Every structure is written in structure tokens, then in C-alpha cells.
Amino acid sequence: MTLNDSVSSDDVRTMFSRAMSDMYRAEVPQYGTLMELVADVNASTLAADPQLRERLARADELDRLDLERHGAIRLGTAGELATMRRLFAVMGMVPVGYYDLSVAGVPVHSTAFRPIDNVSLGRNPFRVFTSLLRLELIEDEDLRTEAQAVLERRRIFTPGALRLIERFEEQGRLTRAEAEEFVREALETFRWHSEATVDADTHGKLLGAHRLIADVVSFKGPHINHLTPRTLDIDAVQVGMPERGITAKAVIEGPPTRACPILLRQTSFKALEEPILFTGEGQAHGGTHTARFGEIEQRGIALTRKGRTLYDELLASVRDEGAAGSSSADYASRLAEAFLRFPDSYEEIRAQELGFFRYSLMESGTAADLEGMGIDGLIAGGRVKADPIVYEDFLPVSAAGIFQSNLGGTEQRSYSANANRDAFEAALGAAVLDEFDLYEDAQTRSLEAVRAALRDGRCSSDA
Ligand code: OOG
Ligand code: NI
């Protein structure tokens, strides 16, 4: 194989995320409507805010915006998770973060597969929120044994996908033809299958244990359950959805509307009710299943541990007063009020070390400038820019809210908090990376680049 006919993991990721988007648009028509709405809102937001456009361009976020989306899947066994890790590795996606959702009454724990280096993120930050079902949380022992047996029997990866994963592991890359075949084969795992692997009776019992358990156990594969585009103005999308015939979730998850967006805000619309065919014979065994939905998100600055602690505290203070019982307008105003304690200018966020920034040198200078003025002096003088680093990850409380609202709203089970990261990593066959370390690293590297550029008398952008 010559380097010419091989493709990079970044390219395979983009091929795959496009193919996934096309497939989902065909399967869930409202996804297409949503994509159009988001494209319209993003275009008008950028037109109205040239500074935002300039900042996104500088951060390499402008070109990736149209491609940017995340998906989510739910797996049934440790073996599935371990192979999924190898499949995503072909696309340069590695597991970042550990999320315990049992606290919120959802019997799964999760990670996000995503690219981690700046260049790859700039090309296409495609992420997949990946959950592993915790069968040990099913109380009924017989049902647990049955669910396990059903899961052990299924094969969610095609032989072709497995062969190409091995090929990638041996060669370190794929040829273009192999990559195209890989994308086709890998897509099969994420496709919707309307034939269930269980009979109607078992599906009913699984539903009784938890809707999510039924969603994982009853099917041939981990159908992608949503695909989420990134908007620059989620409030506008929330307002625009009903106008295009989409019924949005009542409240936006995450922080309130702010001048300087932090972390992640998300809203979604209800799952489709889809016909399924249970095992056993004949038409009488048809039924329906709701699993797939639409979601939109707006991303803001990644917070430091200190910033995240403040975020968690403020959010908890509002939710403790009872989010579910109150009206959505009341929740929004209480949220906005609580978050008055979170500084809403990038200067203040930086001064208090609440968020991560990427530094770039706008004008060349000398090493002495840095010593004389310090980084803050150079920023004040407009010679260095500090741009917010975008949050690339997820929020467990928001994820739980999205799960809940799409599982039918009334689903409330309580499992005690029992994070088990060790068990998750054992299933995964690898450790998950720490998101804070990744952002910290990006910030440090940008500062070092500014220092080096000053020393050499260049601008960062000349590098
Ligand atoms: C995943 C829900 C989490 C998000 O954006 O927080 C998620 C699921 O429903 O499987 O995708
Ligand atoms: Ni999502």
C-alpha cells in the first residue's frame, strides 16, 4: 500500500459521520427538518455577530460547524463495548470521561468516543455517547438471566467490519477502498432493525423492568438513537421547532442563556413510535417501540475543575428546589437567577480560572515583552488573544434529563449511586481519558506556542 491510496483516520471519521447522517435522515425524517432549522439559525447568528464569526474562524470551529454532530448508542455486553472501542479507534476516536447515570435512574454507565487532538477536532469533532447496560441492576433474577442469554447470542458487528478493524490494527491505516468498505460495514451495526430478538411477552417484561433495558435487549443491534447537530443559538432553535412541526422538550438542559456560553445546552424532541415485529409467528406479533429521537445542542467554553464545581453547585441548587414539578418558565428564571453567581465575561472567567483558553499571538514581539508585560499585559494590549476552548464532552445531569424525557417522561426508577468506573474500564479493555487533562494540555500548549513565537519574533499564525 502506498501512502497515496491510504486515508487518514480523520477522513474515515468524516466519511462515517456523513454516511450516518444520511442514513438517519432517511430513517427519521424530522432529523432532516432539524438540520435545516439549525443551518438557518447558524447562518443568521453568524451574520448578526461578526465577532463571533471571527473568533470561531480563529479557533478552527467555523468550517467544522456544518459537519459537527454527536450520536448515541447503548450496548448490552462487555464484549460489545470492547469491540466498539476498536471500531472507533479506526476513526481516531478514543474514550473520554466516565458517566454514571444510575444516579438518575438510568441503569447504564457511559463514555464518549471522540477525537482528542486539535487538528482532528478542527477537521471533524464527531462524538458518540456510548452507554453500557448494567444488567446487575435488574432486580428480577429470571429476567436478568434471560436478558443476558439474549444478549450473549447476538452478533452486532458484521464479519466484514471485524476483518477491517483487524486490518487497521495490523497496518495502522486503511486504503481508500478498505475505508469505504469499512464505513459500509460499520454502518450496519448502527442501523435500525424492526425485527426484535425477543417475543412480545419478553419485550413486555423488559419494558416493565425499565424501558431502556427493553431498548437494549430486544434488538439485533445498538441502533443509533439520536444524532445531534450543533447550533450557535439554542434558544432560537427551541422557538423555531414548533414552527416547523417539531414538539420540543419543555426545558433546555444545562446552563441558562448567557452572553458567554459555558459547557453545553441541549434540548430534544420525542422519540418516534416505530413498528416492530416480535419473534414468534405472524402478524399478531407486531408492536411498537419508542427509542429514537432528535436533539440539538449549543456548546460553550470548557470549564476548569473549579468552574465545573461552581456549575454543579449552582445547577444542584435549582434542581433541589424541584425541577420536575415547576413550570418550565419558572425553572428557566430560577436557573438564570442562580447563575448570576457565575461570571459572564470571558475576562472574568479567565481571571478567576473558571474556564480554559487558547492563546494566540496577534503581533510579533520579543521574549522581553512577555517578561515585561506578562501574558495579561499582552492580552490587555491586544497583542495576544485568549479564545475560549470549546467543551467537547457531555454532562451527566443533562444526559439523564435527555434519557428521561425520551423514555416517556414518567419513567422514574431510583438506583442508588454506584459509579463503577473500574468495572466499566475492565469491560472497555482500556482506561478512559480525563477530559480536564485534555483541556489543560491544550491551554498549556497554546501558551508555550506564544512564548516560542515571541522568542523567535513570529506570530502564532505564522507557525
Ligand atoms: C444518551 C443520552 C445522552 C447527551 O447528549 O447527553 C446524550 C442516550 O439516550 O442513549 O446523548
Ligand atoms: Ni445526545
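Q: Is Asp100 buried or exposed?
A: With a relative accessibility of 12%, Asp100 counts as buried; buried means under 20% relative accessible area, exposed over 50%, and partly exposed in between, with a 1.4 Å probe and protein chains only. Keep in mind that this is a predicted model, where local features need pLDDT of at least 70, side-chain atom pairs count only at pLDDT 80 or more, and totals for chains, interfaces and linings use all residues. Residues are numbered from 1 along each chain as its sequence is written, chains are lettered from A and ligands numbered from 1 in the order in which they are written, and side-chain values use heavy atoms, with hydrogens and water left out.

Q: Where does Asp100 sit, and which side chains does its own make polar contacts with?
A: Asp100 lies in strand E3, residues 94-100. Its side chain has a polar contact of 2.7 Å with that of Ser102 and another, of 3.5 Å, with the side chain of Arg134. A polar contact is a pair of N or O atoms within 3.5 Å; within protein, one must be able to donate a hydrogen and the other to accept it, and residues adjacent in sequence count only if both atoms are side-chain atoms. Helices (H or I, at least four residues) and strands (E, at least two) are DSSP runs, numbered from the N terminus.

Q: Switching to the ligand: which residues are around ligand 1?
A: The residues around ligand 1 are His70, Ala72, Arg74, Phe129, Asn225, His226, Gln266, Phe293, Glu295, Phe394, Ala399 and Phe403. The cut-off is a heavy atom within 4 Å.

Q: What are the polar distances to the oxygen atoms of ligand 1?
A: A polar side-chain atom of Arg74 is 2.7 Å from an oxygen atom of ligand 1. For His226 the distance to a ligand oxygen is 2.8 Å, and for an N or O atom in the Gln266 side chain it is 2.7 Å.

Q: Now the hydrophobics. Which residues touch the most other members of the largest nonpolar core?
A: Phe16, Met20, Met84, Leu87, Phe88, Phe182 and Phe190 do, in a core of 42 residues. Such a core is a set of buried Ala, Val, Leu, Ile, Met, Phe, Trp, Tyr and Cys residues joined through side-chain atoms within 4.5 Å. Elements that each supply at least two residues of this core include helix H1 (9-27), helix H4 (78-90) and helix H8 (176-190). Apart from it lies another core, of 37 residues, with Ile301, Leu315, Tyr346 and Val450 among them.

Q: And what is Leu87 in contact with?
A: Leaving aside neighbours within four places in sequence, Leu87 is in contact with Phe157, Ile165, Phe182, Ala186 and Phe190; contact means heavy atoms within 4.5 Å.

Q: Which residues of H4 are buried?
A: Those are Glu80, Leu81, Thr83, Met84, Leu87, Phe88 and Val90. Just after H4, Gly92 has a positive phi of about 70°.

Q: What about H12: which of its residues are buried?
A: Gly307, Arg308, Leu310, Tyr311, Leu314, Leu315 and Val318 are. They cover an arc of only 160° around the axis, which puts them on the same side of H12; the arc is that of the directions from the helix axis to the C-beta atoms. What covers them includes helix H13 (328-338), helix H16 (396-406) and helix H18 (435-456).

Q: What span should H12 have?
A: At 1.5 Å a residue, its 16 residues (305-320) should span 22 Å, and the end C-alpha atoms are 22 Å apart, which agrees. The expected span is 1.5 Å times one less than the number of residues.

Q: Which phi does Leu263 have, and is Leu263 buried or exposed?
A: Leu263 has a positive phi of about 50° although it is not a glycine. At 1% relative accessibility, Leu263 counts as buried, and it lies in the loop between H11 and E8.

Q: What about Asp60?
A: Asp60 isn't a glycine either, and has a positive phi of about 65°. With a relative accessible area of 46%, Asp60 is partly exposed.

Q: Last one: what does Pro256 touch?
A: Beyond its neighbours within four places in sequence, Pro256 is in contact with Arg265, Leu335, Ala336 and Phe339. At 8% relative accessibility, Pro256 counts as buried.
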